[in-house]
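Here is a short walk through one structure. Keep the sequence and the 3D view side by side.

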Amino acid sequence: SRNVWVSDVNDRLRVMAAEEGAVVADLHHAFLTSVPDFHVLFADHVHPNDQGYAIMADEWFAAISTRPPADSMRGAPVFGFETPASP
């Protein structure tokens, strides 16, 4: 049931991030789709193991190194400043 709750919250976060022009690294999805049993990615009930951390790093890198579509950033704040809308 925790995974269902996490998925529901992530759905809401994606909507909010899109509205704000924020970058999202969906670690939950990455963990669930990387191996048949995501439990093997954890050292204990909370902390990832080395394989889990590698998946997290890859997901973060993909999120911050992929440029969002230009129209999704129009007017979005950049470092606290509003960007001008294109004519």
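Which residues form the largest nonpolar core? There are seven: Ala30, Phe31, Val35, Phe38, Leu41, Ile55 and Met56. A nonpolar core is a set of buried Ala, Val, Leu, Ile, Met, Phe, Trp, Tyr and Cys residues joined through side-chain atoms within 4.5 Å. Buried means under 20% relative accessible area, exposed over 50%, and partly exposed in between, with a 1.4 Å probe and protein chains only. Two elements, α2 (27–34) and α3 (50–65), each give two or more residues to this core.

This is a predicted model: local features need pLDDT of at least 70, side-chain atom pairs count only at pLDDT 80 or more, and totals for chains, interfaces and linings use all residues. Residues are numbered from 1 along each chain as its sequence is written, and side-chain values use heavy atoms, leaving out hydrogens and water.

Now take α3. Its buried residues are Gly52, Ile55, Met56 and Ala63.

Next, the aromatic rings. Phe31, Phe38 and Phe42 are linked into a cluster by ring pairs. Rings of Phe, Tyr and Trp (its six-membered ring) pair if their centres lie within 6.5 Å; planes under 30 degrees apart count as stacked, over 60 as edge-to-face and the rest as tilted. Phe38 counts as buried because its relative accessibility is 18%. Phe42, at 26%, counts as partly exposed.

Technical notes. Helices (H or I, at least four residues) and strands (E, at least two) are DSSP runs, numbered from the N terminus.
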